[in-house]
Amino acid sequence: MDLAVDISKFLLAVSSLNSLADSVLNNHNYRVAFISYSIAREISYSSEFLSNLLVAGLLHDIGLLLIPSTEDIVLLKASDFHENEKRIHLHAEVGYELFRRFPYFSKIAKIIRYHHYPYKFFFKSRIPYSAFIIHLADRIDTFVLSRINTGYPYSYLSSFIPELESYLKKFKGRIFEPRLVDIFLKKICPKEAFWYELLKEDIVKETLEELLKSIASKLPLEAFFDLAQIFAYLIDFKSPFTATHSSGVAQTAVSLAALFNFTSPDLKKMKVAGLLHDVGKIAIPNEILEKPAKLTVEEYDVMKSHVFFSYKLISKLGIDRNIVEWAAYHHETLDGKGYPFKLRAKDLSLGSRIMAVADIFTALMEDRPYKKGLPVKRAIAIIDDLVKNGKLDKKVVNVLKENLEKINVRRETAQKRAVEVYSSLRELVQKFTSS
């Protein structure tokens, strides 16, 4: 049995996370991907080229999720240029650092890294040609949005298209690659259909999903696992206190599942479920995630909602149902008093029970704003109490205790790898912001 994956919805979901940095950026990613593809298609490149360009367009601003600064958003939304502004490249460098570690995304990482470099650097650096396409598409979209106010966007076409043509011609050859400007102005811009599609969110999103399916409907399975790990990093890195959590949960869950003789495909599913189990935390404010004291009742209600949003988001990815349940039921308890669905023992599969134990064990071992990581014996004592109170599965906990040293070492190793990635990204941010 193999785990077939259609990655198009997954890519669109990761791209849409940018709306949390700024609501405009959600559709911006979609539009940049569509504009880039429209230009590249006129050059008749290979399907691999088009696929990489689409993915890079969708993810080009993903680094913004790890930069909590309005200064960066303001720079990106401005239609004028900041050629000497070093900070304009910060989010691109963060995106590159995040993606370059994964083989399938290494080419895409380079495109992301250079997408704000003007054409004058073409002969000075080894910049992928795709990056100049993304750069042009990015600036076209920013310019257009600066000319569209509220109301029906199509009503602005007659006014902003002449302005856009003048803008592109003015910077042709210095900021923008000349051939790409000509292609856009001669073959794409005059078509009303292009603008009708671009400026309608539901239509452009539908088109992108179809393009992703037709060009790369079945990407290598490893690309899916890589994207799941990147997704986990984006969620966990919101706070230094959760920076390694999903990596630790995933490894602990896989270690336990292996001891229950899960098949190799199911172990892969368990890893993905562990990596994605907290994706809903992207919607939780940092002041709650990082509060150095006990949460109020109101704050706890907000915190609990993350599991429901994890369920809703993962359910839309078109992946195996087991992954959805193992990931999203990790706060359900055998006595039916967990959350958010109040499921009982009969509704919880072994995989869901394993994930619940893995999540609690990992959380107890980690430093949090309100506590230091616990000694192993103390953590196990708390888990034993949860078994006695009908919360956790006794068989799963017994397997954890019988194999505690081996499981804990593997958890620590996985979390150390996550720390390395997190630290490199933080150092990069400090380098850009302190100079």
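Biologist: What should I keep in mind before I start?

Modeller: The model is predicted, so local features need pLDDT of at least 70 and side-chain atom pairs count only at pLDDT 80 or more, while totals for chains, interfaces and linings use all residues. Residues are numbered from 1 along each chain as its sequence is written, and side-chain values use heavy atoms, with hydrogens and water left out.

Biologist: How many salt bridges does a search of the whole structure find?

Modeller: A salt bridge is a side-chain nitrogen of Lys or Arg within 4 Å of a carboxyl oxygen of Asp or Glu. The search finds 20. One of them joins E299 to K291, with the closest N and O atoms 2.6 Å apart.

Biologist: Is K291 buried or exposed?

Modeller: Buried means under 20% relative accessible area, exposed over 50%, and partly exposed in between (1.4 Å probe, protein chains only). K291 has 19%, so it is buried, and E299 counts as partly exposed at 21%.

Biologist: Where do R321 and E325 sit in helix α17?

Modeller: Here is the general idea. An α-helix has 3.6 residues a turn, so residues three or four places apart point the same way. In this case, R321 and E325 are four residues apart in α17 (residues 321-328), and are therefore separated by about one helical turn. Their side chains meet in a salt bridge (3.4 Å, N to O). Elsewhere, salt bridges that share partners join E97, R100 and R101 into one network.

Biologist: How many residues of α13 are buried?

Modeller: The count is 12 of the 15, so α13 is largely enclosed by the rest of the structure. Among the buried residues are H245, V249 and L256. After α13 comes N261, whose phi is positive, near 60 degrees.

Definitions and conventions
Helices (H or I, at least four residues) and strands (E, at least two) are DSSP runs, numbered from the N terminus.
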